[in-house]
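Q: Please guide me through the reading of this model, one feature at a time.

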Amino acid sequence: MSRTVGPTKALPPGRYGISGLLASEWTKLRSLRSTMWTLGLTVVLGIGISALATAETRAHWSSMSLGSRLSFDPTSTSLIGVFFGQLTIGVLGVLVMTGEYGSGTIRATLAAAPRRALVLAAKAAVFGFVALVIAETVSFLSYFLGQALLTAPAAHTTLSSPGALRAVAGSGIYLGLIGLVALGLATIIRHTAGSISAFLGILLVLPILVHALPNSLANQIEKFMPDQIGASVVSLHQSDAFGAWTGLLLMCGYAVVLLVAGGVLLVRRDA
Amino acid sequence: MIEAKGLTKHYGSKLAVNQLSFSVRPGVVTGFLGPNGAGKSTTMRMIVGLDAPDAGDVTVNGRHYHDLPWPLHEVGALLEAKAIHPGRSARAHLQMLAESNHIGLKRVDEVLEVVGLSAVARQRAGKFSLGMSQRLGIAATLLGNPEVMLFDEPVNGLDPDGIRWVRNLLRGLAREGRTIFVSSHLMSEMALTADEVVIIGRGCLIAQIPIDQLLAQSSQRYVRVRSPELAALKTALELAGATTVLEEDGSLSVRGPDEIAIGELAASIPVVLHELAPQSASLEEAFMELTEDSIEYHGGSGTAPVQSPEGAK
């Protein structure tokens with residue numbers, strides 16, 4: 001410690017900003033073994049479940065009724081595993097934020113960068129990007145593997161089939177957005193258990209409650225549920241639900257609303 | 001330089017910090033003393049902008065913390081030792097902080113070296129002892145080579161070697177011209193580390209004084225005397241206006257005259273002295289005296305009501 005300082009200490013030009021915070025968030029994300037495990041699990045289980053579902057269909061193809069064969073959707077079947085990823089990506093989205101609160105790292109983070117909205121923006125950008133890359137990896141690999149397993153005479157599609165590319169790319173985007181929804185919830189709630197409960201509640205319990213409503217009302221509300229949006233993204237069949245892109249736009253809206261609400265609270269609350 | 005003016009903070013209906021004003025100047029170690037729950041940590045959190053004051057204002061080098069262009073280059077703060085994700089390595093923890101303020105990896109390795117954690121830099125912090133976590137927290141404060149440094153209870157959990165190391169580090173940092181603000185409930189530790197102390201009780205400022213003055217003005221200052229002719233000396237001292245107490249171990253505690261006056265008096269009788277030892281009151285005692293009325297949690301007094309804030313000096 002022979003360094004000297006004094007009132008004349010030279011500071012770097014300008015001010016800390018988004019570039020440093022992005023690097024910082026990237027280091028945080030990749031330096032936790034739990035993150036890597038969760039991402040690995042998302043990829044392996046996602047592809048594995050998709051492969052199982054398609055292989056199972058192929059194995060029973062000869063005994064399936066004509067009706068089942070005609071209504072079989074090779075694209076969505078091969079993307080089933082992507083929806084398993086909702087749980088792992090969602091939990092990771094929660095942990096990225098609540099892990100900081102639980103450990104107290106948030107105070108080191110915010111002391112290093114007191115402009116809190118900027119910190120959240122960097123976190124959302126880094127996590128959202130990683131989630132999207134992982135999700136697209138899962139959905140494309142699931143799709144290709146699934147279609148390869150659906151050998152003749154079973155029906156299969158290619159990316160140039162109508163709606164197939166939309167379904168594959170769209171389900172990746174859906175998964176990335178689910179991660180941001182979870183991050184937004186966690187920024188508001190701050191506790192791991194509470195945030196995961198809220199996330200699973202919205203994803204799994206809320207649709208059941210809505211379904212219990214009178215039919216006329218349920219039909220109006222159901223299409224706003226994330227699980228319905230997810231289903232409409234991969235489905236090639238028309239339904240009452242929103243179209244794939246409208247649905248994804250709505251998901252984007254959910255993520256933005258939750259992140260903005262979380263950001264406002266982050267700025268206002270004591271850390 | 002840290003300047004607090006009228007800082008006030010409530011948590012719910014509880015007043016944690018009340019109209020607190022003080023200033024911490026560069027070049028010396030300023031201790032921040034107070035009983036547990038006095039508002040020390042709250043004050044430190046307000047200095048670095050983690051908690052917003054309900055009233056009043058605090059600035060670092062004339063600026064609000066939020067407006068600092070490069071916070072880690074200007075202020076280093078150790079607020080709690082265990083504020084590290086248990087799954088992250090020491091090096092990754094420092095790296096992510098460094099990157100946010102454009103500090104290079106070379107500096108990360110440097111500060112790990114300074115605090116003696118190089119060998120365990122890649123181990124997960126969850127396995128660290130409290131002492132190692134403290135060292136990691138201190139490493140983080142050094143990252144930006146800042147001019148202003150805050151330490152909340154930095155010697156907690158350290159062994160005697162570690163305590164001496166922190167003491168020397170803090171004194172060295174102050175000698176380099178930095179502003180060092182360090183809280184502790186170990187009053188005796190502050191006596192060895194701090195040049196000046198800010199004392200609070202129940203969120204209110206009790207005193208901001210140089211540590212020497214705190215010790216000197218304490219009524220507990222006395223001289224311990226041993227002599228084979230203690231009775232004669234005792235009488236002479238009392239005639240000269242001193243207060244004396246014969247202790248159980250056979251020594252005489254003398255309040256009033258200092259050791260020079262007592263020695264000269266003994267020589268003039270003459271009386272042989274076996275010991276003539278000025279006792280500064282421990283800071284602990286001086287501190288207890290100052291904060292007597294403002295202890296938040298009285299122990300052992302059963303149902304005795306906690307004093308109202310108005311009762312605090």
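Q: Among the contacts in chain A with a separation of 6 or more, what share comes from residues 24 or more positions apart?
A: The model is a predicted one. In chain A, residues 24 or more positions apart account for 80% of the contacts with a separation of 6 or more. Buried residues make up 43% of the 271 residues in chain A.

Q: How many helices and how many strands does chain A have?
A: Chain A has 12 helices and zero strands. The pattern along its sequence is accordingly written α-α-α-α-α-α-α-α-α-α-α-α. The C-alpha trace of chain A spans about 85 × 45 × 30 Å along its principal axes.

Q: How should I describe the packing of two helices, and at what angle do the axes of α5(A) and α8(A) cross?
A: Two packed helices are described by the angle between their axes and the distance between the axes. For α5(A) and α8(A), the axes come within 7 Å and cross at roughly 30 degrees. The crossing of α5(A) past α8(A) is right-handed.

Q: Which residues make the contact of α5(A) with α8(A)?
A: From α5(A), the contributors include Val82(A), Gly85(A), Ile89(A), Gly93(A) and Met97(A). From α8(A), they include Ser171(A), Leu175(A), Gly179(A), Leu183(A) and Ala186(A). By class, this contact of α5(A) with α8(A) has 13 nonpolar, eight polar and no charged residues.

Q: How many residues does each chain bring to the contact between chain A and chain B?
A: Chain A brings 34 residues and chain B brings 39 residues. On the side of chain A that touches chain B, at least two residues come from each of α1 (18-30), α2 (33-60), α5 (80-103) and α6 (105-112). That side of chain A comprises 15 nonpolar, 12 polar and seven charged residues.

Q: How do strands pair in a sheet, and what is the order of the three strands in the open sheet of chain B?
A: Strands of a sheet pair through backbone hydrogen bonds, either parallel or antiparallel. In chain B, three strands form an open sheet in the order β2-β1-β4, and the pairing is antiparallel. The strands β2 and β4 of chain B stand at the edges with a single partner strand each, so one side of each has no neighbour in the sheet. From one strand to the next, the twist averages 25 degrees.

Q: How many bridges join β1 to β2 in chain B?
A: Seven bridges join strand β1 (residues 2-11) to strand β2 (residues 14-24), and the two run antiparallel. Lys9(B) stands opposite Val17(B), and Tyr11(B) stands opposite Lys14(B). The two strands form a hairpin with two residues between them, and Gly12(B) in the turn has a positive phi of about 65 degrees.

Q: Which helix lies across β1, β2 and β4 of chain B?
A: Helix α1 (residues 40-47) of chain B lies across these strands, running at about 120 degrees to β1(B).

Q: To which strands of chain B is β10 joined?
A: Strand β10 (residues 222-226) is joined to β13(B) by five bridges, in an antiparallel arrangement. Within this pairing, Val223(B) stands opposite Pro278(B). Three bridges join β10(B) to strand β12 (residues 252-255), again antiparallel, and there Val225(B) has Leu252(B) as its bridge partner.

Q: Where is phi positive in a residue other than glycine?
A: Asn61(B) has phi near 50 degrees and lies in the loop between β4 (55-60) and α2 (71-74) of chain B. His102(B) has phi near 55 degrees and lies in the loop between α3 (90-100) and α4 (105-114) of chain B.

Q: Is Asn61(B) buried, exposed or partly exposed, and why?
A: Asn61(B) counts as partly exposed because it has 17 C-beta neighbours inside 10 Å. His102(B) also counts as partly exposed, with 17 such neighbours.

Q: Where are cis peptide bonds found?
A: One joins Ala152(A) to Pro153(A), with omega near 10 degrees; Pro153(A) lies in the loop between α7 (116-149) and α8 (164-189) of chain A. Another joins Ile269(B) and Pro270(B), with omega about -5 degrees. Pro270(B) is found in the loop between α10 (259-268) and β13 (275-279) of chain B.

Key. Residues are numbered from 1 along each chain as its sequence is written. Chains are lettered from A and ligands numbered from 1 in the order in which they are written. This is a predicted model: local features need pLDDT of at least 70, side-chain atom pairs count only at pLDDT 80 or more; totals for chains, interfaces and linings use all residues. Helices (H or I, at least four residues) and strands (E, at least two) are DSSP runs, numbered from the N terminus. A residue is buried if 20 or more other C-beta atoms lie within 10 Å of its own, exposed if 12 or fewer, and partly exposed in between; C-beta atoms are placed from the backbone. Two residues are in contact if their C-beta atoms, placed from the backbone, lie within 7 Å. Ala, Val, Leu, Ile, Met, Phe, Trp, Tyr, Cys and Pro count as nonpolar, Asp, Glu, Lys and Arg as charged, and the others, Gly among them, as polar. Two strands pair if DSSP finds at least two bridges between them. Axes are lines fitted to C-alpha atoms, for helices over the stretch in contact, and angles run from 0 to 180 degrees between N-to-C directions. A crossing is left-handed if the near helix is turned anticlockwise from the far one by less than a right angle, and right-handed if clockwise.
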